[in-house]
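Here are a few friendly notes to read alongside the model. They cover a cavity and some packed helices.

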Amino acid sequence: MADLPVRRPVRLLPAALIHKIAAGEVIERPASVVKELVENSLDAGATRVDVVVEAGGKNFIQVEDDGCGMAPDDARLSVEAHATSKLASLEELDTVLTLGFRGEALATIAAVSRFELRTVPASGEGLHLWIADGRLQDEAPTTGERGTRIMVRNLFFSTPARRKFLSSTRGELRHVLITLRRMGLAHPQVAFRLVSEGQELFHWQPASGQVRVGQVFGEHLLEHLLPMDQEIQGLRMRGWVGTVNTFRRGGGDQHLFINGRPIVSRLVNHAVMAAYGHTLPREQSPFFVLFLECDPRRVDVNVHPAKREVRFDDEQGLHALVQRAVEHALSQAPVASLSPRQTPEDPLALAMERDEGAGRLLPFAPAPTPPSRQDSFLGPVQAPRDLPFLPQEKGGMAREGLREYLASAHAARERFGDDAAPAVVSLEEEERRRDGEPGLFQLHRTYIMAQTASGLIIVDQHVAHERILYERCLRALRSMRGNSQRLLFPQPLELGEEDRLIFEELLEAFMQMGFTMEMSQGDVLLTGIPAELRTVHPEGLIQDVLDQFRIEAGLLPEPGQALAASVACKAAIKAGQPLNQVEMRTLLDELFACEQPFTCPHGRPVVVTLGLGELNRRFDRS
Amino acid sequence: MRFTVPQKEFLAHLQKLIAVVPSKTTHPMLNNILFHVDANEARLTATDLEVSFTTRMKIEGGEGEDLAIQAKRLMEIVRELDERPITLQTDRNGKQVEIQSGQALFHIPCESAETFPSLPGIEVSAELEMPLERLRSHIERLGFAVSNDDLRPVLTGILFEFREEALNLVATDGHRLVRIQDHQLAGQTRLGSVIIPVKALNLVSRGLEGSEAPVKLSLAQNHLVFSQGGAQIYTTLISGRYPAYEGVIPQQNENIMQGTRSILHRAVKQAANCANNVTHQINFGVSEGKLVITAEDNEFGSRARNEVDVDYAGETLDIAFNATYLDQMLRHLDTEQVVFKFGTAERAALLLPEINREAEDLLMLLMPVRLMR
């Protein structure tokens with residue numbers, strides 16, 4: 001007979017274990033510790049908060065404030081579970097206005113680290129506590145300046161499994177930075193300082209809300225922001241929304257607060273984006289910092305242990321209110337700042353742009369006709385100027401280029417066999433029998449319709465071009481051997497704190513591609529670019545890769561792919577672009593020379609086929 | 001408006017002006033040429049708002065209002081006509097212009113001159129004359145090194161630095177740099193430092209006539225006028241700070257290689273045929289008395305190797321360059337012998353003529369391609 005499994009008796013878990021389990025929910029990583037501790041500091045009325053981390057907080061975190069401190073008895077209680085000074089009864093849970101309230105933060109942090117607390121209340125009689133593995137090791141009375149200092153060493157030392165899941169030092173530091181950025185935005189009247197590995201990363205002095213935005217994101221951003229402040233139906237919405245210059249791919253910098261608490265809300269994000277309407281290009285998002293203030297009973301903050309998500313009582317109503325308020329703010333903007341940039345090929349637009357900035361001045365008083373917006377055709381016939389990976393056009397002859405493309409398309413078709421490519425005729429053939437041959441048809445300046453041997457294909461012109469450019473860029477990138485064209489004038493890279501950390505994470509990949517740089521005191525100087533790159537402003541490309549990396553939350557395996565995708569998306573012709581026969585034909589020829597002509601780099605379909613069989617069925621023609 | 005002009009003369013003017021007309025514009029008026037006629041002379045102007053070009057053309061029987069006519073269409077019509085006098089005349093309501101040559105008659109639309117951008121009155125703050133031929137030769141040797149990237153506007157022009165010791169002219173795209181020091185124009189410091197768009201300079205080089213007559217440069221606050229005979233080229237100056245180029249010109253390059261320009265040039269072009277057609281990278285291996293030029297394209301599977309005799313006594317050195325850049329530089333030197341000055345494989349190399357032209361110094365600089373080890 002087989003052994004029966006030994007049945008273990010059910011029993012209550014020891015308190016320390018409960019804390020360790022619970023810690024996983026609230027304390028995911030060093031940044032969560034920083035968040036809980038800083039929230040406590042703010043609730044204690046601090047006017048300055050100093051944060052020191054080592055190894056991104058994995059080895060050491062210290063948060064020091066000048067808040068009200070705790071009396072010795074309170075201090076002892078604070079490190080026990082569900083001890084909080086902020087809630088006395090269940091009823092009060094409905095009206096929580098302080099940041100931390102669940103009363104588990106200190107206890108759970110203490111359960112998974114070597115913990116040290118030193119606090120001095122106004123009376124001057126303070127307490128110093130040492131805790132390891134959730135147990136009080138030692139305590140001593142202390143005196144000094146009012147305030148609290150908490151040190152957390154070796155986070156998760158007692159739960160190695162969790163420790164293993166932490167990311168690199170830079171990754172963790174980035175999360176700390178993001179956390180403090182949110183806190184800093186919500187509390188501009190408080191001074192914040194962050195020191196990492198003995199180096200001060202920032203020191204934000206107490207300031208107005210707007211100045212704080214400048215401190216956090218760089219002052220250059222302020223000129224691209226529109227302030228908003230509206231109160232509708234008891235909901236106050238204030239903050240700043242960005243103009244076109246702040247648009248970034250993916251969910252760049254979008255900061256939302258409810259009653260001072262940083263939260264994530266797809267609903268509100270969506271409402272903001274909806275307010276931009278068509279001025280917002282696909283897959284891009286604007287910068288915003290938005291503070292919502294309302295009766296605390298209208299939001300439920302106790303949904304998520306880390307209090308990052310909230311629920312609203314009337315979600316549809318909220319969506320409409322936010323959208324209206326943002327629309328209002330945007331309507332205050334000068335029109336030019338909302339419309340997309342003019343193409344550089346347009347000399348008038350260029351002249352106007354330069355005229356605005358410190359560019360060339362116009363020699364003429366331009367005639368007072370407003371420039372009509374017209375995108376230039378960055379099509380396959382003419383190589384786009386800002387596409388860096390194309391071999392330079394010889395003599396700039398568009399026609400030559402076209403022939404080259406066709407030649408390569410034919411070569412590719414021969415290689416892959418004709419099956420992959422529907423019967424699309426080439427330019428030469430088209431020229432020979434222009435009459436009598438069915439042409440291509442452009443539908444709503446968005447889709448190209450073409451006859452094939454077995455029916456009809458419909459191609460989305462934008463994604464088709466995107467796919468072509470993507471593969472071309474990727475090929476160019478993969479063939480890079482890391483040789484680097486040295487720059488005569490090293491170019492400084494202006495990166496925000498967060499971007500710099502991402503940049504450092506990707507440094508090796510960038511170097512492999514042939515970027516070379518010098519770093520000095522946190523500044524990055526670009527000294528060389530991949531020899532393959534035809535551009536004197538590689539900063540934009542680097543920024544795109546960083547954005548892409550942030551969107552994919554670090555999952556992107558190859559910076560090259562991000563680079564290629566972002567280049568392709570930018571340079572591809574858009575829907576609404578009229579195309580002539582030759583342009584459409586070239587586009588199709590090149591598309592079907594691609595390795596994967598049927599999906600775009602983001603996975604959207606490129607081609608829809610409608611077979612003769614299907615048509616026959618629909619017309620009851622058997 | 002009405003005038004008569006010989007076909008050849010008319011075409012020559014139109015062909016010069018068309019260089020200014022922007023190829024793509026959202027401001028349709030810029031596709032036109034503005035005509036202003038007096039009895040014996042017509043003034044033709046084209047502009048892209050940054051650069052404008054005015055020429056004076058001898059005519060007969062000129063009279064009437066100013067008019068703007070589509071440049072390209074007009075030029076194409078005139079180009080195909082016989083060499084006999086052409087008469088231009090507006091129709092009664094002024095909406096069309098009639099072009100007549102012998103039995104041939106064309107009508108094309110025209111517009112009143114009112115919406116054509118008007119030239120500003122300028123206050124000249126400094127003036128200078130220089131031989132056109134000398135300026136032209138400078139522009140030809142500098143123009144290729146100018147950047148065509150609009151995102152760094154200052155590099156899309158040529159720097160004119162009027163100094164006590166010389167006029168320094170500099171062009172760079174951040175990868176290579178050309179500097180000409182013209183000692184004949186030393187001491188013209190009133191003009192200060194200006195960055196002139198290369199488009200305007202190319203127009204000066206190709207659009208102005210003759211080689212003997214001097215061209216006058218008149219500087220006003222934000223623009224510069226080149227005038228010669230009846231022609232005038234206005235250009236806006238590029239504002240912004242030109243990069244501190246002097247600091248990047250190496251002073252310590254002591255590995256000096258001298259060779260015959262035509263042989264080196266051919267060897268570079270030959271090797272470039274087997275170089276990767278995106279990077280155009282070719283490698284120089286220099287050792288005593290010998291330069292080995294190699295190139296390869298792993299993707300395509302091509303390789304080149306060539307040896308050239310040179311005068312060289314410096315350190316053995318391997319350094320790589322973009323062949324396209326080298327080709328252009330060697331093409332724009334005109335001495336029999338040229339001198340390369342190398343530092344290390346990572347640092348800028350200098351390329352100089354063995355003997356400079358009278359009263360000038362020419363220097364070319366090229367940043368190498370750093371090789372992955």
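1. The residues lining the largest cavity divide into five nonpolar, no polar and three charged. Here Ala, Val, Leu, Ile, Met, Phe, Trp, Tyr, Cys and Pro count as nonpolar, Asp, Glu, Lys and Arg as charged, and the others, Gly among them, as polar. The lining consists of L235(A), C294(A), R298(A), V299(A), F312(A), D313(A), D314(A) and L318(A).

2. Before going on, please keep in mind that this is a predicted model, in which local features need pLDDT of at least 70, side-chain atom pairs count only at pLDDT 80 or more, and totals for chains, interfaces and linings use all residues. Residues are numbered from 1 along each chain as its sequence is written, chains are lettered from A and ligands numbered from 1 in the order in which they are written, and side-chain values use heavy atoms, with hydrogens and water left out.

3. How much space lies in the largest cavity? About 50 Å³. The structure holds six cavities of 30 Å³ or more. A cavity is a set of points, on a 1 Å grid over the protein atoms alone, where a 1.4 Å probe fits but cannot get out, and lining residues have an atom within 4 Å of a point. Grid points are joined across faces, edges and corners, and the volume is the space filled by probe spheres set on the points.

4. Helix 8 (residues 266-276) and helix 9 (residues 315-331) of chain A pack at about 40°, with axes 8 Å apart. Axes are lines fitted to C-alpha atoms, for helices over the stretch in contact, and angles run from 0 to 180 degrees between N-to-C directions. Helices are DSSP runs (H or I, at least four residues), numbered from the N terminus. The pair is therefore oblique; angles under 35 degrees count as roughly parallel, over 145 as roughly antiparallel, 65 to 115 as roughly perpendicular and the rest as oblique.

5. Which residues of helix 6 of chain A meet helix 7 of chain A? They are R181(A), G184(A) and L185(A), and their partners are R212(A), V213(A), V216(A) and F217(A). Contact means heavy atoms within 4.5 Å.

6. In chain B, helix 3 (residues 132-142) and helix 4 (residues 198-207) pack at about 130°, with their axes 9 Å apart. These two helices of chain B are therefore oblique to each other. Helix 3 of chain B brings L132(B), L135(B), R136(B), I139(B) and E140(B) to the contact, and helix 4 of chain B brings L201(B), N202(B), V204(B) and S205(B). Their residues divide into five nonpolar, two polar and two charged.

Key: 1 Å grid on protein atoms, 1.4 Å probe; cavity = no way out; pocket = protein on both sides within 12 Å on 5 of 7 lines; lining within 4 Å.
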